[in-house]
Amino acid sequence: MALERKIQLAAYGLFIAALFLAPAFGDEFWLNRIAKYLVYGMLGVAIALTWGYAGILNLGQGLFFGMGAYMLAMSLKLASPTSLSQGSDTPVPDFMLWNAEPGAPTDLCCINKGSFLWLPFQHQWFGLAMGIVVPVVIAGVLGAVIFRKRISGVFVSIITLALVLLVRLVLVDAQPITNGFNGLTDLGWLTIGGIEFDPYSRATYYLCAASLSLTLIVARLLADTRASLILQAIRDDQLRARYLGFNVPVYQTFFFVVSAAIAGFAGMLYVVVTEFASPTFMDLSFSVTMVVWAAVGGRSSLLGACIGAILINMIEAQVSETEALVEAWKAIIGLIFVLVVLFMPRGLGGLAHALVARFQRDEQPSAPAAVGAARSETA
Amino acid sequence: MNQALTLNGLSVAFGGFKAIKDVSLSVATGELRVLLGANGAGKTTLMDLVSGKIRSTEGSVRVFGQEITNWPEHRIARAGIGRKFQIPSVFRDLTVEQNIQVACCNKHPSVFANLRFGVSADRRRRIVEILELTGLVEVARKTAAFLSHGQTQWLELGMLMAQDPKVILLDEPTAGMTHAETSKTADIINRLKGRHTLLVVEHDMGFVREIAQHITVLHLGEVLAEGSVAEIENDARVRAAYLGSKGIS
């Protein structure tokens, strides 16, 4: 096995081990906060997969994140004690009652025109499934249209950016069923197999740690397939790839969809950890922030982008809570971004790669071993 | 059917301007055909039509009897046509080896067929063989962006070998090359001969002599003449239109 590969494996192993050892070093409050950052880490992976490997800069990843979040939040909202105690057969979200027209029946089916859409969300599994299905379907349709039309580069970014803002607008506007600007709050806890995921419990932290580990491993495996190599080839030269017989839009859409699924999954976890879903998830600034995390961590490195997201948020929390820096923290974070972009254009991940490559050169100054071996095989 | 590539009355118009007018051409299996013509004669446009980059307005293209007129590029590629561009086009951020590996994947080109790891021993051997044929063994681990111009051209030829199409279209494979590089390219192309059917656009007459069997001369989007190197050299119309009074120098 090549040295670089060994180091890569070790890095993943260490990171995942650290995730599961963290609970030994802090209280529940701290763990809740870290769990939130782990969710951001998943978003970093999602961005790196499309941006680094496919060359698709999605400035609307918040759309998939927000969709995932809202789908589960709807289920959890119906499971909350307030929704269950409205004196009707079905649980009814409190905000629907506050805004109900006089005389409207207190029932989820018909308290307002759109409320029936909530009916299936009484089953928590439906919410969980939709949290993945909805982002996947949206990404699939969007990808098929964009990539079949051979739209690429900055135009994809503009379309995704516009779309997330559009959906945010619709979401806020559909106040009777989404609670508009206020979003969904006062949620119940996710319950799976008898385990209640209290956001301030170790169980929830482990759920996030396991989800992030799973995401990293799956994304890493995916990145090691031949399909990923072809995807990178497509990123470099679409036309060339077409002339080799590859159906380019299918490849792009496939990875776009995987990235959306990860973001939807992350959105659901975020709801479990923070107990709310809000239209701010689809703010432009949030989607752009995700891209910045990936840029700092290294867009062509899945683990790098993930660590970048976690690290920036930890620094941000640290700096913004230090009294002397309360006024200056945004400037400090901004400065970090500028310095990284100027001096480490490939981010932390790129830096790690460069170090490994240098180390490897010192080790074996002769021709690459693998090719040498391959030559002797045919000789 | 021993005709590998058949064009029948192929035409294309760009906003009223007919760039290709009623071109009929037939290349036998295993033949190497050179397309000759002055700038603007329509050589590259013809290749674009065959490979699906642009859509024809009239006429048909067949590969081994199969009609492929105006198919999308990737389906034409799957039908057995490979193309090398005039400006070398390789995957710049991948290594030389990876470039060839990607080209090797085209037997099963769908996403799901490629959700696998690594390459089979057979394919591995083929990749090494291609690296040797194209003289790229020493730079196999190098990122393609850092290759010299000549090496980039050879890499693209190597990718074509890996793709292993029945018909290969080469657009000026020696453009911008030194003498030494040109003769090495001629070697590579001569090795492709026989195994593949080739259609080559070329300006360098010395090079054409080295590789050509049959020549088709295009002039202003039409076929002007067709024949062996000697016949073309002595064709008065070709001289007037393209070669100049001195013939092939």
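User: Hey, how do α6 and α12 of chain A pack, angle and distance?
Analyst: This is a predicted model, and in it helix α6 (residues 124–148) of chain A packs against α12(A) at an angle of about 150 degrees, with the axes 8 Å apart. Angles over 145 degrees count as roughly antiparallel, so α6(A) is roughly antiparallel to α12(A).

User: Left-handed or right-handed crossing for α6(A) and α12(A)?
Analyst: α6(A) makes a right-handed crossing as it passes α12(A).

User: What classes of residues sit in that contact?
Analyst: The contact of α6(A) with α12(A) has 18 nonpolar, 7 polar and 1 charged residues.

User: OK, now α10 and α12 of chain A. What's the angle there?
Analyst: Helix α10 (residues 226–236) and helix α12 (residues 248–274), both of chain A, pack at about 115 degrees, and their axes are 10 Å apart. The range from 65 to 115 degrees counts as roughly perpendicular, so that is how α10(A) and α12(A) are described.

User: And which hand does that crossing have?
Analyst: For α10(A) passing α12(A), the crossing is left-handed.

User: Which residues meet there?
Analyst: From α10(A) you have A227(A), I230(A), L231(A) and I234(A), and from α12(A) they meet V248(A), Y251(A), Q252(A) and F255(A). That contact divides into 7 nonpolar residues, 1 polar and no charged.

User: Why is α10(A) called largely enclosed?
Analyst: Because 10 of its 11 residues are buried, α10(A) is largely enclosed by the rest of the structure. The buried ones include R226(A), L229(A), A233(A) and R235(A).

User: What do those buried residues pack against?
Analyst: In chain A, they pack against α2 (28–54), α9 (202–223), α11 (238–243) and α12. Helix α3 of chain B is there too.

User: Oh, chain B! How many residues of chain B are in contact with chain A?
Analyst: 34 residues of chain B are in contact with 27 residues of chain A. On the chain B side, the elements giving two or more residues are α2 (73–78), β6 (81–84), α3 (96–104) and α4 (121–133). By class, that side of chain B divides into 14 nonpolar, 9 polar and 11 charged residues.

User: Let's switch to the sheet in chain B. What order are the strands in?
Analyst: The order is β2-β1-β4-β5, 4 strands in an open sheet with antiparallel pairing. β2 (17–28) and β5 (66–67) of chain B stand at the edges with a single partner strand each, so one side of each has no neighbour in the sheet.

User: How many bridges join β1(B) to β2(B)?
Analyst: There are 8 bridges joining β1(B) to β2(B). One pair is F14(B) with its bridge partner F17(B) in β2(B). The hairpin of these strands has 2 residues between them, and G15(B) takes a positive phi near 50 degrees.

User: And β1(B) with β4(B), how many there?
Analyst: 5 bridges join β1(B) to β4(B), and the strands run antiparallel. L7(B) has V61(B) in β4(B) as its bridge partner.

User: What about β4(B) and β5(B)?
Analyst: β4 (residues 58–63) of chain B is joined to β5(B) by 2 bridges, again running antiparallel. R62(B) stands opposite E67(B) in β5(B).

User: Last one: which strands does helix α1 of chain B lie across?
Analyst: Helix α1 (residues 43–51) of chain B lies across β1 (3–14), β2 and β4 of chain B. Its direction is at about 70 degrees to β2(B).

Methods: Residues numbered from 1 in each chain as written. Chains lettered and ligands numbered in written order. Predicted model: local features only at pLDDT ≥ 70, side-chain atom pairs only at ≥ 80, totals over all residues. Contact = placed C-beta atoms within 7 Å. Nonpolar A, V, L, I, M, F, W, Y, C, P; charged D, E, K, R; others polar. Axes fitted to C-alpha atoms, helices over the stretch in contact; angles between N-to-C directions. Parallel < 35°, antiparallel > 145°, perpendicular 65-115°, else oblique. Left-handed = near helix turned anticlockwise from the far one by under 90°. Pairing = 2+ DSSP bridges. Buried ≥ 20, exposed ≤ 12 C-beta atoms within 10 Å, placed from the backbone.
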